[in-house]
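Visitor: Could you take me in close on one part of this model, the place where the two chains touch?

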Amino acid sequence: MSGVNWTGISAIYRFELARFRRTLLTGLLVPVITTTLYFIVFGSAIGSRMSEVDGTPYAAFIVPGLIMLSMFTESIFNASFGIYMPKFTGTIYELQSAPVSAAEAVAAYVGAAATKSLSVGLVIFATAHLFVDVPVAHPLMMFGFMLLIAISFCLFGFILGIWAQSFEQLQIIPMLIIMPMTFLGGAFYSIHMLPEPWRSITLFNPIVYLISGFRWTFFGKGDVAIQFSMAFIAAMLLVCIGVISWMFKTGYRLKK
Amino acid sequence: MASILTVAGLTKVYASGFQALKRVDLSIEEGEIFALLGPNGAGKTTLISIICGLVNPSGGSVTVAGGDIIRDYRDTRSAIGLVPQELATDQFEKVIDTVRFSRGLFGKRRDDALVEKILRDLSLWDKKDNRIRELSGGMKRRVMIAKALSHEPRLLFLDEPTAGVDVELRRDMWKLIGALRQTGVTIVLTTHYIEEAEEMADRVGVINRGELLLVEEKRALMKKLGKKTLTVTLAEPIAQLPAELAGSAVALKDGGHAIEYVFDTHADRTGISGLLRQIGDLGIAYKDLDTRQSSLEDIFVSLVHQEKAA
């Protein structure tokens, strides 16, 4: 055999999608219900008492942050479970003994997880339209941004899944780090609304750059310049790919 | 015959410092059934895991079907099927899907006719649409074998294939392995059950504490190390062995009803005729004679014990 094992990649990709399909109802219903709840609480109850943020009605303003919040957690959960479960049940022996390269395995697992979180993002986007008019200034950029976010957070989740040695470790990063950072990263407010020194401190939160960039694709403006957001997401992709190749090269927590 | 697997100077030291393999050399011929015998922790699974790509070697080299397992991993892994010792299956998958998945994973085009044949041969066809979690342990083991065969390997590793399965399934497994050999597949199996090696293997290797103690044709091994036991069943029981007969190889057994004599089948003089003449001279009447070849198990136990003593 030479070249790329496309059949192998597609086998893993389809296996993972089949796993998602088994939980399709909850998988898509949960984001729809969550979005609806956020709209009732933030959009109607609180939003009606709030003025516009940066010239955008508050209910529309929170849509990009809402999509990002769900996509961050979905990507990490799906990708980390995808590789953690075979490790946990022992079925990973088959992947390790198969003529599949590290890059092929990552492409298949991350590709499948990213497909799912991208669909979740699009479902939330569609649900939001039921409640509020959401203008999209740069539709192509918006989709591209979602795609890159899905891929980079799935790569991050994949790393987490290899690193984790228990279910607790698997949950702790998304719940204790990513979730608070997203809330504090301006998912539901503009960081310009914060007083100093909090505004400057917040700039050390990497999530700020991602949410701001995504919001830019909707409203044409964000908390930071779009170039910073682009640079940040590129850096995140590179770092994750670097870490994963190191993990496979050394066999870190995969091979004894 | 050509060698399909060559292991040279293979060494493994785990991160804990435990040395699982000590410069193991081994060559497996295409088409043979090779049984690797050894007690728990002898290094059987480590050896297989390195060959299949699950564990990194610390030193030495492994060649499968002419390719190096690290440099040419795509070729070598395509040639290998692995059935590990632990039952590990995707509980929520259907039997037929999981077998198709394995074939795809190994880069082979979908082939429904072949998958059907494999499932039928393993008596799994009736269960093809069952979820794996609905199957019994023995059936799950068969699913794992079906997965390992799905990409038509030339070399099949069965790590403790009959550990924890009932007698009937074990018989089935033997039949299956016999049938596989007819198709030209080379089989390497590890086992605790000596009778399994005795029943099926062409050659036997004995491994203990990371060292391959010996590799030999099964028949030659049994001949070479084989002792025979002559049992003389007496007409009337005797209270004690007459002094004339006393020797390290002779013993009174069965409450004085039998005399047992252990001899080497390859010695110039086995001493049987001398013993029988002496018994006759002493006026002891006997009604039956029986000789028994020692089993692989006896050979194995004595080998492992010898090494412990050394």
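**Where chain B touches chain A**

Guide: On chain B's side, the elements that give two or more residues are helices H2 (73-79), H3 (95-105) and H5 (137-149), with helices being DSSP runs of H or I, at least four residues, numbered from the N terminus. H2(B) gives the most, five residues. That side of chain B splits into 13 nonpolar, seven polar and eight charged residues (Ala, Val, Leu, Ile, Met, Phe, Trp, Tyr, Cys and Pro are nonpolar, Asp, Glu, Lys and Arg charged, the others, Gly among them, polar).

Keep in mind that this is a predicted model: local features need pLDDT of at least 70, side-chain atom pairs count only at pLDDT 80 or more, and totals for chains, interfaces and linings use all residues. Residues are numbered from 1 along each chain as its sequence is written, chains are lettered from A and ligands numbered from 1 in the order written, and side-chain values use heavy atoms, leaving out hydrogens and water.

As for salt bridges (a side-chain nitrogen of Lys or Arg within 4 Å of a carboxyl oxygen of Asp or Glu), chains B and A share three. In one of the salt bridges, B:Lys147 meets A:Glu94 at 3.0 Å, N to O.
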